[in-house]
Amino acid sequence: MEKTEKISWLEQLKIACLKPKEYSRLLALGKGRVVWFFILISFLITFLGFGMDMFAFSASVGGTKNFILNRLPAFELRDGTLSVEETMDFTIAGIHVAVDTTKDKADQSDLSNDTTMDILFARKEMIVKNDSIQRMVNTISFDDFKNVIATNQTMVKLVPFIHMMAFISFFAAWAANAVSYLFFCAFISWMAYLNQKIREEK
């Protein structure tokens with residue numbers, strides 16, 4: 001039977017973050033402990049980045065409802081046309097939001113390569129870019145919503161949906177981080193395996 005090493009969660013975290021020379025000890029762990037540790041560390045990293053940004057932003061604006069009613073510029077979507085009192089451009093939790101209704105169409109050149117998601121609003125359309133797993137860019141025309149009337153007050157009714165989407169976005173970011181870390185771990189394991197083989201042949 002293959003011998004496995006028992007290491008505390010805290011020690012595993014120290015090795016993963018601070019002791020790359022001891023990665024071989026992590027490879028000696030049982031598969032179950034490796035999987036659970038991988039899930040835990042990817043969750044913590046996502047929470048400390050994406051999650052804390054969301055909580056900090058919500059606290060700084062007094063909550064989602066207060067942000068919509070008192071901090072967000074007055075806006076109205078009517079007859080397929082969006083009007084906003086002033087332009088906006090901010091980034092929160094890896095999501096870049098820009099609003100400029102002086103333009104009829106949003107410009108894809110304004111999309112950022114440094115954020116997970118971009119939402120660009122113009123007078124007649126919006127562009128949504130999502131880089132969680134692979135880049136997807138969608139253009140949504142407001143002409144498709146000519147029968148819809150939306151304002152700050154009607155948006156308040158969507159707060160539960162907004163919270164649900166934030167929750168989904170967090171798990172999407174977690175999944176994307178997990179995949180990237182999985183590839184990184186596989187690369188490190190492969191390098192460690194090659195190093196061990198080279199030493200055995202000497």
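Modeller: A term we'll need: buried means under 20% relative accessible area, exposed over 50%, and partly exposed in between (1.4 Å probe, protein chains only). Also, this is a predicted model, where local features need pLDDT of at least 70, side-chain atom pairs count only at pLDDT 80 or more, and totals for chains, interfaces and linings use all residues. Residues are numbered from 1 along each chain as its sequence is written, and side-chain values use heavy atoms, with hydrogens and water left out.

Biologist: OK. How many helices and strands does the protein have?

Modeller: Six helices and eight strands, taken as DSSP runs numbered from the N terminus (helices H or I, at least four residues; strands E, at least two). The pattern along the sequence is α-α-α-α-β-β-β-β-β-β-β-β-α-α.

Biologist: And what order do the strands of the open sheet have?

Modeller: It's S3-S4-S5-S6-S7, five strands with mixed pairing; two strands pair if DSSP finds at least two bridges between them. S3 (88–92) and S7 (136–141) are the edge strands with a single partner each, so one side of each has no neighbour in the sheet. Ignoring direction, neighbouring strands are turned by 10° against each other on average, using axes that are lines fitted to C-alpha atoms.

Biologist: Which way does S4 pair with S3, parallel or antiparallel?

Modeller: Antiparallel, over five bridges, with S4 covering residues 95–99. Met 88 sits opposite Val 99 of S4. On S5, Val 99 faces Phe 121, and there S4 and S5 pair in the parallel sense, again over five bridges.

Biologist: Switching topic: which residues form the nonpolar patch on the surface?

Modeller: Leu 40, Leu 44, Leu 48, Met 52 and Phe 55, about 470 Å² of accessible area together. Areas are Shrake-Rupley with a 1.4 Å probe; such patches join nonpolar side chains within 5 Å, from residues with over 30% relative accessible area and no salt bridge (Lys or Arg side-chain nitrogen within 4 Å of an Asp or Glu carboxyl oxygen).

Biologist: Where is Phe 55 found, and why does it count as exposed?

Modeller: Phe 55 is in helix H3, residues 31–60. Phe 55 counts as exposed because its relative accessibility is 53%.

Methods
Axes fitted to C-alpha atoms, helices over the stretch in contact; angles between N-to-C directions. Patch = residues over 30% accessible without salt bridge, like charges linked within 9 Å, V, L, I, M, F, W, Y side chains within 5 Å.
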